Amino acid sequence: MEYEAVIGLEVHVQLDTNSKMFTRVGTGFGQPPNSLTDPVVLGLPGALPVMNEEAIEKSIKVGLLLDCKIAEVCKWDRKNYFYPDMPKNYQISQYDQPICEGGQVEIEMPGENPSKMGPHRMVELTRIHLEEDVGKLTHYEQDSLVDYNRAGCPLLEIVSEPDMHSPDEVFAYLTSLRNSLVAAGISACDMEKGQLRCDANISVRPRGETKLGTKVELKNLNTISGVRNGVEYEIRRQIRAIEEGTPIIQETRRWNPDQKYTTPMRTKEMAHDYRYFPDPDLMPVKIDQTWIDRVRTGLPEKPFDKQRRYQKDMNLPYSITSALCGDHLLCAYFEEASEMAKSAGKVANWVVNDLLRELSQANKVDEFAEEETEKITPQSCAVSPQMLAELVNLIEDGKLTNNVAKELFPEMFATGKSATELAKEKGLDQQSDDSEIEGICKEAIANDPDAAEKFRGGKEGAINALKGAVMKATRGQANPKVVDDILRRLLS
Amino acid sequence: MSNNSPIFKTATELSQDLQGGTVTSVDITQAMIDRIDAVDEQVHAFLHIDKEDALDQAKASDDRRAKGESLSPLDGVPVGMKDVIAVKDQPLTAASKILENYRSPYDATVVRKLKDAGAVVAGRLNLDEFAMGSSTENSAYGPTRNPWNLECVPGGSSGGSSAAVAAREVPLTLGSDTGGSIRQPASLCGVVGMKPTYGMVSRYGLAAFASSLDQIGPFSTTVEDAALLLEIISGHDSLDSTSYPTEVPNYSAELKNSSEPKVLGLPKEFFGPGMDDEVRASIDQVIEYYRSIGYQTKEVSLPTTDLSIPVYYVIATAEASSNLARYDGIRYTSRSERAENAIDVYAKSRGEGFGAEVKRRCILGAYALSSGYYDAYYLRAQKARTLIRQDFEKVFAEVDAILTPTSPTPAFKFGEKSEDPISMYLSDVYTISTNLAGLPGISVPCGLSSSGLPIGMQLIGKAFDESNLLQIANAYDREHLHGRQVPNL
């Protein structure tokens, strides 16, 4: 029998805000444990939460980006449970009135080959709600340690409909969602830093069946490939179970990335009663149309819209746009450079091939490094968009050959010197000083009167000998077209 | 002790004496410490007093005054704190074993305001554990006794705050009122106690019992003093989302303005069975007095009155069950020595750390919020709460304030009600609806019973209309000054 998997995702995204969701303490990754705390974060007697407006605004932005309906009122509920990751033993969250409802995420499935665009479709969203993040527990043999630096950071939970059917779709969904959120400045979405986390609800059913199968919630999917592998394994496990006649039980399972299988965590019977109720410490916040309109004006272009624009308006091929549009910083760099350059297409090629190559080499992770080094971005690298535009224009103007430019680029990246500067230093600049070339041409004609005579006599090919001599004398730096023009003028 | 001792003076008088240079803050604070040493063994209003720190603050106040840099009329006047209000580096136990070793690393907003005003913030005052109770018998550190009769309770939950003022151990204190916890003990101890409008005083730094009902307020011997303290602690606070952005009137100045006679409402539902005859007689005299100075009185109706106790015990316990979850034995609360695993840390620490009443309310509240019961209890209680609020709104279209007794009876004996939670809960029958409606209420002493126990009247005002409420209360109090009577200790 053929089976169909039905998958819904719950994606948690940490909002990139200056301060925590309900207090003034700052946010940040890699700080000393429990340094980002205060009476509110630690749930000390008498501490009270106060809403961070930036977190609401960023949530509205996400809602608009994903075409959701934005709630008129942002209201808070307490989710009560005892666990040391939350010092108050309740989490401030949204229960019955999420800040966003509905919405969709456009995804692209793999094409026939990497240079072909794959099919696009919309994955439907159920809701998006805002809540505070919890602390991080580290378990040892005897003790467990807890770090509350993360506790109280604004966290967005994006819940999809059970609208995906394969690990590839899940992968495409997460990639698209991450690209949109990163591009809009919502979050860096680094899964390794826990800025994006994902749980999957998975069930399988015989193909054609409309009723949903028993769902299993899968946790501990800590990397994008972990999500793909975990989902793939769980689908296979469920199909195998059904075929063996073992009933699927509604439960939460944990993905073990090293051993590559899932194990049960808790069953439905053990499910918590979270005793949700409206948080009496927080007043509901009204979200009026003016606020929504203001956020809308700051909304960035969606990555797939951008890609379509590049293809349609700038005539860039899919292979180039797909490499550009996954990275909004690269796009911004490309757009800035192409505005100053004579050929946007050439700029795109340089960005996708040369700049990306240099960046990835520069950002290679040193496993033995003690501290995490700041990543070099297109914006922070030594080659500014102006410098790339200049390089492309020098080639377009015939002042630099493509080969020379290719040689120069890594040096520009390493030193921050411009193409003109480097070419001068190395004597590599294509000689375009016409009078100098004219002298060399005159010399070549004088040295080879025979060839000159033959050309004048109508033997077109004879000019090549003269050209060769000029190029040789200039060590290949003269622009062949310029040489050709001068020789013809002198011989006419 | 001479009658000229600072301990027998009101805060207003002390303020004048300090300004006149006839007394220093150190004199006042030392007299307060001596008085505590003399009588608190009997009264047990204080859980803790940092004498050295109090005298240091007094000395600093005197130094400011010498340089002409006094910060406010209350500069140098001692103010005691109910032990649920956070004072930096001082203990905060909430009268619970579970916070036995906790010291607050920060000041509550009211404390910061008092310190900014130069007041000597001194003493941690006893209460029913986590402010749950009406007799202060639920303190893990032993009950406070009523200074008028040591066999009787001082009321609660702010029993330490009311008894300390009544026993003249400190001229001013702060308490918190969730269902009557300021007004009822004020009434039972014969002092003035006021619960401001919800949102008038910041709750930041008040260990929460029921967030939507809790409000900090003053205790004093006169209405005039209450106004003085209230105007310092009131005002919007960016650290409390439920604090209301409004200007704080100069209550004490407005008290001096002669006010027009007002209309007082007498809710018929309050004057029914259950009210002690002597309380009734005392309130009748109050009514007579107001009429004699030109006030009108009017029977009004608050038909939802009988809903208030059940509604309160659903909402307050639900919020408490969540608010008290943080006391878990993990970080700053006492951990059970018998805990062998994570669940034990919670269960045993809370089992050993909380008293019976706190456990009862946490269980009640968790039940009211649990899946399948939420709609029937919590949601219905919230709807009923709206009806109660609307009842008051209707009545306030016709009257300026509502006059009732504060408590159905004078102070009762220890153990009289502690075995029967319901009869204990009923002692808040006149005060609870005020909290549910978020309105300001004040208890003013209005005489002694035949057995020498204080009786108090309650005035309930319109939201954010503290100024009028204080004027009405003062119209009676300045002519009677029952709160200035000193019990024999």
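Predicted model: local features only at pLDDT ≥ 70, side-chain atom pairs only at ≥ 80, totals over all residues.
**Group meeting talk: a walk through a two-chain model**

Hi everyone, let me start with one residue.

Where does Ala208(B) sit in the chain? It belongs to the loop that links strand 5 (192–195) and strand 6 (215–220) of chain B. Leaving out residues up to four places away in sequence, Ala208(B) touches Asp214(B) and Asn323(B). If you want a distance to check on your own screen, take Ala368(B): that residue is 160 residues apart from Ala208(B) along the chain, and their C-alpha atoms are separated by 19 Å.

Now let's zoom out to the sheet in chain B. It is an open sheet built from 11 strands, with mixed pairing, and the order reads 1-3-2-4-6-5-10-11-9-7-8. At the edges we find strand 1 (46–48) and strand 8 (296–300) of chain B; each has a single partner strand, so one side of each lacks a neighbour in the sheet. From one strand to the next, the twist averages 35°.

For a closer look at one pair, take strand 9 (residues 401–405) and strand 11 (residues 454–461) of chain B, which run antiparallel and share 5 bridges. Within that pair, Ile402(B) has Ile460(B) of strand 11 as its bridge partner. Helix 2 (residues 25–43) of chain B packs on this sheet, where it touches strand 1, strand 2 (78–82) and strand 3 (120–125) of chain B. The direction of helix 2 makes about 45° with that of strand 2 of chain B.

Which of its residues are buried? They are Tyr377(B), Tyr378(B), Ala381(B), Arg385(B), Ile388(B), Asp391(B), Phe392(B) and Phe396(B).

Strand 16 (277–278) is an edge strand of a sheet in chain A, as is strand 5 (90–93), and each pairs on one side only. The sheet is open, has 3 strands in the order 5-4-16, and pairs in the antiparallel sense. Between strand 4 (residues 77–80) and strand 5 of chain A there are 4 bridges, and Asp77(A) has Ser93(A) of strand 5 as its bridge partner.

The contact between the chains takes 24 residues from chain A and 33 residues from chain B. On the chain A side, 15 are nonpolar, 4 polar and 5 charged.

Last stop, the domains of chain A. The assignment gives domain 1 (3–292), domain 2 (303–365 + 375–417) and domain 3 (434–491). The centres of domain 1 and domain 2 of chain A, taken over C-alpha atoms, are 35 Å apart. Their contact uses 9 residues from domain 1 and 6 residues from domain 2 of chain A. On the domain 1 side, helix 2 (residues 167–183) of chain A gives the most, with 4 residues. That side divides into 4 nonpolar, 3 polar and 2 charged residues.

Note on methods. Residues numbered from 1 in each chain as written. Chains lettered and ligands numbered in written order. Pairing = 2+ DSSP bridges. Helix = DSSP H or I, 4+ residues; strand = E, 2+ residues; numbered from the N terminus. Axes fitted to C-alpha atoms, helices over the stretch in contact; angles between N-to-C directions. Contact = placed C-beta atoms within 7 Å. Nonpolar A, V, L, I, M, F, W, Y, C, P; charged D, E, K, R; others polar. Domains from an automatic or database assignment. Buried ≥ 20, exposed ≤ 12 C-beta atoms within 10 Å, placed from the backbone.
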